[in-house]
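Here is a short briefing on one protein chain. Look through the sequence and the structure before reading on.

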Amino acid sequence: MHDDITLTTGRATRVLTERIWPAVHGTSVPLDVEWHVLPGEPIPPAEGLALAMEPYEVGTPWGPAWGTTWFRLTGAVPAEWAGRTVEAVVDLGFDKNMPGFQCEALVYRPDGSPVKSINPRNQHVPVSDAATGGERVELLLEAASNPVLLDYHPFLVTQEGDTATASPRPLYTTRRMDLAIFETEVHDLALDIEVLLELQAELPTGPRRMRVLQALDDALDVLDLQRIPETAAAARAALADVLASPAEPSAHEISAVGHAHIDSAWLWPVRETIRKVARTTSSMADLIERTDDFVYGMSSAQQYAWVKEHRPEVWARIKDAVASGRFLPLGGMWVESDTVMPSGEALARQFSQGQRFFEREFGLRSHGVWLPDSFGYSPALPQLVRRAGFDWFFTQKISWNQVNVFPHHTFWWEGIDGSRVLTHFPPMDTYNSQLSGEEIAKATHQFRESRRATGSIAPVGWGDGGGGTTREMTGRAKRLADLEGSAKVRWEHPDAFFERAREELTAAGTGDSAVWVGELYLELHRATLTSQHKTKQGNRRNEQLLVEAEAWAATASARTGADYPYDELDALWQQILLLQFHDILPGTSIAWVHREAVAQHAAITAGAQEIIERSLRTLVGEGDTALRANPAVFAQAGVPALGVALAAGPTAASSTLTELPDGGLVLANDLVRVTLDAVGHVTSAIDLATGRDAVAPGREANVLQLHQDFPNKWDAWDVDRFYRNSVTDLREAEKVTATVDDGVAVVTVRRQFSASSVEQTITLAPGSRTLEVAMQTDWHEAEKFLKVAFPLDVRAEHVAAETQFGFHKRVTHTNTSWEAAKFEVSMHKWLLAEEPGFGVGLVNDSSYAYDVTREVSDGGVAPAPGAPDVTTTVRLSLLRAPRFPDPETDQGIQTHRYGLVVGADTAAATEAGATFGARPRELRGATGVEPLVGVAGGVTLSAVKLADDRSGDLVVRVYEALGRRASGTVTVAAPVTAAREVSLIEDDLAEVTLAADGDGVDLTLSPFEVRTLRFTLA
């Protein structure tokens, strides 16, 4: 036979697109429309339903950026439509390729009950499954005119990302607001043809493909294009046999779960996310009611809480759907957070706040962590996931890697402490599946565990901006349940998938199971560790303040009986957790979002400070004695960790400051001697005990470096490797001054560059190994990247960088493409470059990124070369200036603090990092305060708080910080009647009861192990 494949597929494609899909709602009448344009922010639905409206003509432009317009649609069902399925069809000016990224609406009945949402891929509204002639129809639409910011030419500079700069012009023009017959048979025919067309495109040329093509031709031969509703059944009959042919017994199995991945903020503000969640969940509840097997999964307790607070009429439908077992709360977290930058305590609260909400509202908990879109995953996470009681972990983001293809899809992920968690990446590489033929085939062909495992997960639905699963997707799933040539699709809770996957991997034996050890580094979006500095600075500050507030409040409660501020702390933590969402903390949202984030962080700071000051006043009493409170988990300034002591008087110790003939300066104390050149760069930093210089010979440290920074795409997200090809060292100093202030050597350096300026205050305190730099930058750059370089005379094979509850080592070489791809990596409060016997640390108060390079000189010429000189250059990332999505990113005054720790090891770096951002508080009162909790041995304190269940029990979290086995003691300076170990989210652990020995508990910890203890106080 002749090859007529393209003839058949071209015919079927055109008929489907131009004739069959339009015929689904081919019979229609226009509805009468009225409208009311709100002048500002949205109003509650009850108010919107009562608005006075004016006549509106379809085709009239509507909706300025971020505006809200209420439409009322009214009409009557024509008598001749009696008994038919009738729907409203609304096109607000949609672009079908922009679901979630442009205008959308939530549809209400006059009584205020929500129906469902409409968006570019979901334009129908059910009216009646068996209409009555003359039946009155009235629907009200709360329509949001959100601007398209990520358009067909993405990443263009736009001012539409904030109400202060957005255009007032109408953005959309309605095309259709009709009442229509829903032709069920035509809709089914459209899905039949679509599924078969997509299937055959993925099949090899052979009998199955040929028979599908012939069936398509046969169906189109009997379809009368002028009488499609009348002949659709006959066309479907011609397709029945090829649709009924079953899948191969060994076909890949896809566990589908409805999904929308609603970003809690991104190219829209939080206030719009609240409405997006209401819109999407209304549609999903409607779809659940209209199907037998569809299940929809939604993460983020915060999003449920928003609906409960702001849209109670939608909340009722969610509650019912969850109770039915088909609306699935997933993930067990407050939001889908970043996991690289938040502290360990913040991640613990993500889990505890999320699980507490789900248990309180629905009587259930999530069994796995669902994070499809965060920008890389911390190597500390496996332990935290397991210690919070979760069984599995899900993401797909690593499929976005620029260079390396990740080798597994279902595997064990091992963290820094050795904990392993069962992990799955969907092989179709998306969290917004449409169940297309291409996606189904990709899942089958790419799945890397086919030797041992049988299936994968497909999150199905329009996402990012919401929308969720459509009836077309559920229709595809029905046809793909058991279809020859395709993977088999079924709607299924992820728990069921992971239970089956665990059995399959366990049966394979440990030696045959796939394991990935260490961080899940995303080879993309590396600049998210630096963009929007004030958002990151607020995060670091407030994480520390809330842990401090908990400790002082717990101490005040135990010592004085003061009320513990449970509600205040919960509210403040929930605000921080929201701001750790994976498009807020990483700095990748619109200006509106970050403007609000900075203001919210300021409010959180004020709230935490108020709790701290109130608790300390209660503890120290009224008096005029000068006291010093230590908020750190290490002793400092003569005050024990989390204690209050008399403020020490003036000390005779002093740093010295010496001017050199060439204009340079020498800052020294009993531990280190630092030399600055005439323009304020560090040319030497000597550890006096060993004589070792931290700075490489002939090099300068604390050198600010400015790079051109214009990535190929994803401006706020990405820094591409070629940025290193051009660099400007900021060497000129406008002014250098030096003095000794209260025993502290102080040098101030001011530099001017481009349109910006920077002032650094460099200090060396008595008894300190840390050369501190406090920096204020007036930043007015565009598409530039500011770093500060420290070329170190250290032969470091690895650089250790703090992560949650420990540190992570990364090699300094680039032997493989995996290492070469890590040219910008993460840190928390400290990093350490070390060789045996000597190390140099860097600490900071608000930075999260650094890079490392190594240079080697051979030291001589053969045949008698000298020892090679190895320089390890570490650079902290300080500021960026991307122009999308926020064209004013980081403009204006920015502050940083960082320090060079001379002669450090992991213990010294850990302590320096912990104390650097937790300076003692000066106050006055009647008496000092003994710490409520103390630790000794190899135990590091992380948190002291009262239990979440409000029992009054004391909860203490500790960990091993140095990566080695350790033993130690936790003591409580209060009468204790019982002590036991609990999970990260404070659940009792079966068969783990600790007997308190007097006021202390002895512990043995493995490397980086986290333990949570619960003490019942007398």
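How close do the axes of helix α3 and helix α4 come, and at what angle do they cross? In this predicted model, the axes of α3 (residues 184-202) and α4 (residues 207-222) come within 9 Å and cross at roughly 150 degrees. Angles over 145 degrees count as roughly antiparallel, so α3 is roughly antiparallel to α4.

**The helix pair**
- The crossing of α3 past α4 is left-handed.
- On the α3 side, the contact is made by Ile193, Leu196, Leu197, Leu199, Gln200 and Ala201.
- On the α4 side, Arg208, Arg209, Val212, Leu213, Leu216 and Leu220 take part.
- Of the residues in this contact, 9 are nonpolar, 1 is polar and 2 are charged.

**Salt bridges**
- The count of salt bridges comes to 77.
- Lysine 397 pairs with aspartate 373, with the closest N and O atoms 2.5 Å apart.
- This pair links distant parts of the chain, 24 residues apart: lysine 397 lies in the loop between β17 and β18, and aspartate 373 in the loop between β16 and α10.
- Lysine 397 counts as buried at 2% relative accessibility, and aspartate 373 counts as buried at 4%.
- Glutamate 700 and arginine 731 also form a salt bridge, at 2.1 Å from N to O.
- Glutamate 700 counts as partly exposed at 23% relative accessibility, and arginine 731 counts as partly exposed at 36%.
- Glutamate 1009 and arginine 1011 meet in a salt bridge at 3.5 Å.
- Glutamate 1009 is buried, with a relative accessible area of 11%, and arginine 1011 counts as buried at 11%.

Note on methods
Residues numbered from 1 in each chain as written. Predicted model: local features only at pLDDT ≥ 70, side-chain atom pairs only at ≥ 80, totals over all residues. Heavy atoms only, no water. Axes fitted to C-alpha atoms, helices over the stretch in contact; angles between N-to-C directions. Helix = DSSP H or I, 4+ residues; strand = E, 2+ residues; numbered from the N terminus. Parallel < 35°, antiparallel > 145°, perpendicular 65-115°, else oblique. Left-handed = near helix turned anticlockwise from the far one by under 90°. Contact = heavy atoms within 4.5 Å. Nonpolar A, V, L, I, M, F, W, Y, C, P; charged D, E, K, R; others polar. Salt bridge = Lys/Arg side-chain N within 4 Å of Asp/Glu carboxyl O. Buried < 20%, exposed > 50% of the residue type's maximum accessible area, 1.4 Å probe, protein only.
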